[in-house]
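Welcome, and please open your viewer. We will go from stop to stop, selecting a few residues each time and looking at what is there.

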Amino acid sequence: MFGEKTSNVIIIFCQYTSATDGIEQVLHWLDHLQAPYLRVNCDKERLSLEYLDLANDQIVLRHNESTFDLADVSAVWYWRGGVSLAVPQYDPSSIVQEIFSEDFGREAVKNIGMEQRTIASYVFGKLFKKPHINDPYRTSVNKLQVLEIAQEIGLKVPKTYLLSSSKQIAELAGESSDYITKAAHEGIMTTIGRRFYNGLTANLADIESTLLNEKFHPSLVQQCIEKQYEIRSYCFMDEFYSMAIFSQNDDTTKTDFRAFTQDCPNRYVPYKLPKEIEEKLLRLIKRLGLNCGSFDLIYSAEDEYQFLEVNPVGQWMMTSVPCNYYLEKRTALWLKENTVQ
Amino acid sequence: MAEGKYSTVEYSESDTLASLPLYYLRLYYMDILFQEDKDNQLYSECKFNRGITYATPCHKHISTRFNLTKCLKSKE
């Protein structure tokens with residue numbers, strides 16, 4: 001690899017142009033620890049297969065001008081981006097048509113696509129059998145399924161509905177509680193020009209009723225839990241690194257702390273969840289087949305921990321920096337030693 | 001609108017909202033400042049709260065850092 005044989009190489013899948021928060025800090029620690037690594041910027045480059053020998057369990061991959069043997073990989077960190085192999089692209093109308101027909105070309109391209117996915121799925125399946133952080137095939141979880149499992153495990157979750165008509169909203173409005181709405185998957189997050197759009201959690205009471213149609217897209221609606229504070233807890237290899245966020249006293253962050261302002265910053269402090277809650281969260285993360293995740297919880301006015309959701313890959317810099325958890329160092333050490341330190 | 005502050009998108013009556021999920025009816029946005037630093041290295045800069053500016057350097061030759069580490073090792 002890279003001109004001479006090297007073992008114990010760490011492979012890092014991330015992005016070059018966005019969501020780089022945390023990557024640089026971990027790479028600096030890996031440099032300091034003199035741990036060899038290969039960064040694959042998934043948005044700009046891909047690995048390609050050079051050779052596979054099933055009997056001898058040998059897979060040789062290429063990254064740009066260099067090749068390496070999977071046997072030399074000691075750990076893998078999936079951080080961001082789509083993981084796929086670089087494969088030839090075919091245009092059914094210009095290449096295969098010359099020999100057969102465009103209809104055959106389209107079928108051939110579909111068939112070759114399945115061929116490529118079969119190869120990629122085997123290669124990455126082998127790669128992610130190595131000690132790894134996160135899994136590219138489990139970057140997203142179904143929020144509704146997660147809430148259901150959380151309930152089964154014994155965590156408290158807010159009353160949750162999927163509503164699709166203003167009549168159903170009106171019926172809820174008759175109850176004493178407030179309700180919020182948020183994305184059932186992930187809120188839209190996109191930059192158009194120099195404007196960044198973010199689909200945050202919104203209080204139903206803040207939505208102008210004139211905008212409501214009689215029927216609308218099924219939307220996730222949850223009981224609004226009055227909170228003493230929010231908790232962001234990052235689980236890394238069965239260890240929890242938690243932070244309390246005092247967002248309740250500011251109207252702009254009361255519903256979603258991500259809508260923070262410079263005028264009234266939230267207070268972030270290190271926090272220790274009760275063992276019982278950590279054990280339940282750990283059971284949840286195992287049921288979901290994850291080894292890391294960032295949990296959102298609320299500590300309610302009724303002194304109860306209410307589980308909201310889990311982000312499988314998670315952003316941990318926002319917890320690490322204010323709480324001095326040095327998760328970037330822990331991540332680098334784990335990648336080098338495969339043990340939590 | 002001040003930079004770095006979230007605001008909600010204002011819809012007009014002519015916008016078609018009938019089929020959108022509810023949370024789209026209160027969508028947030030924030031303006032982002034991009035700039036290059038004096039070393040001509042590309043930075044994406046976002047101004048958030050607490051007066052903190054997160055500046056993320058985008059290393060142009062990041063994939064070759066492994067080679068650099070190897071070179072340093074061999075010099076030792």
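Begin by selecting K44(A), which is exposed, with a relative accessible area of 55%; here buried means under 20% relative accessible area, exposed over 50%, and partly exposed in between, using a 1.4 Å probe and protein chains only. Helices (H or I, at least four residues) and strands (E, at least two) are DSSP runs, numbered from the N terminus.

Before moving on, a word on what you are viewing. This is a predicted model, in which local features need pLDDT of at least 70 and side-chain atom pairs count only at pLDDT 80 or more, while totals for chains, interfaces and linings use all residues. Residues are numbered from 1 along each chain as its sequence is written, chains are lettered from A and ligands numbered from 1 in the order in which they are written, and side-chain values use heavy atoms, with hydrogens and water left out.

Next, colour the whole of chain A by secondary structure. You will find seven helices and 18 strands. Of the 341 residues in chain A, 51% are buried. Contact means heavy atoms within 4.5 Å; among the contacts in chain A with a separation of 6 or more, 69% join residues 24 or more positions apart.

Now go inside. Which residues have the most contacts inside the largest nonpolar core? Select I11(A), I12(A), F13(A), L30(A), W77(A), F124(A) and L335(A), in a core of 54 residues. A nonpolar core is a set of buried Ala, Val, Leu, Ile, Met, Phe, Trp, Tyr and Cys residues joined through side-chain atoms within 4.5 Å. Strand β1 (residues 9–14) of chain A gives the most to this core, six residues. Domain 1 (9–138) and domain 2 (140–156 + 226–312) of chain A each supply at least three residues to this core; the domain bounds come from an automatic or database domain assignment.

Zoom in on I12(A). Leaving out residues up to four places away in sequence, its partners include I23(A), L27(A), L30(A) and W77(A). For a second, separate core, of 28 residues, select V141(A), L288(A), F295(A) and Y305(A), which are among its members.

Helix α1 (residues 23–32) of chain A is the next stop. Its buried residues are I23(A), E24(A), V26(A), L27(A) and L30(A). They lie on the same side of α1(A), because they cover an arc of only 160° around the axis, taken from the directions from the helix axis to the C-beta atoms. After α1(A) comes Q34(A), with a positive phi near 55°.

Where does S300(A) lie? Look in strand β17 (residues 292–300) of chain A. S300(A) is buried, at 1% relative accessibility. Apart from neighbours within four places in sequence, S300(A) contacts I225(A), E226(A), K227(A) and Q228(A).

Finally, turn to chain B. Along the sequence, its pattern reads β-β-β-β-β-α, giving one helix and five strands. Chain B has 76 residues, of which 36% are buried. For contacts in chain B with a separation of 6 or more, 17% are between residues 24 or more positions apart.
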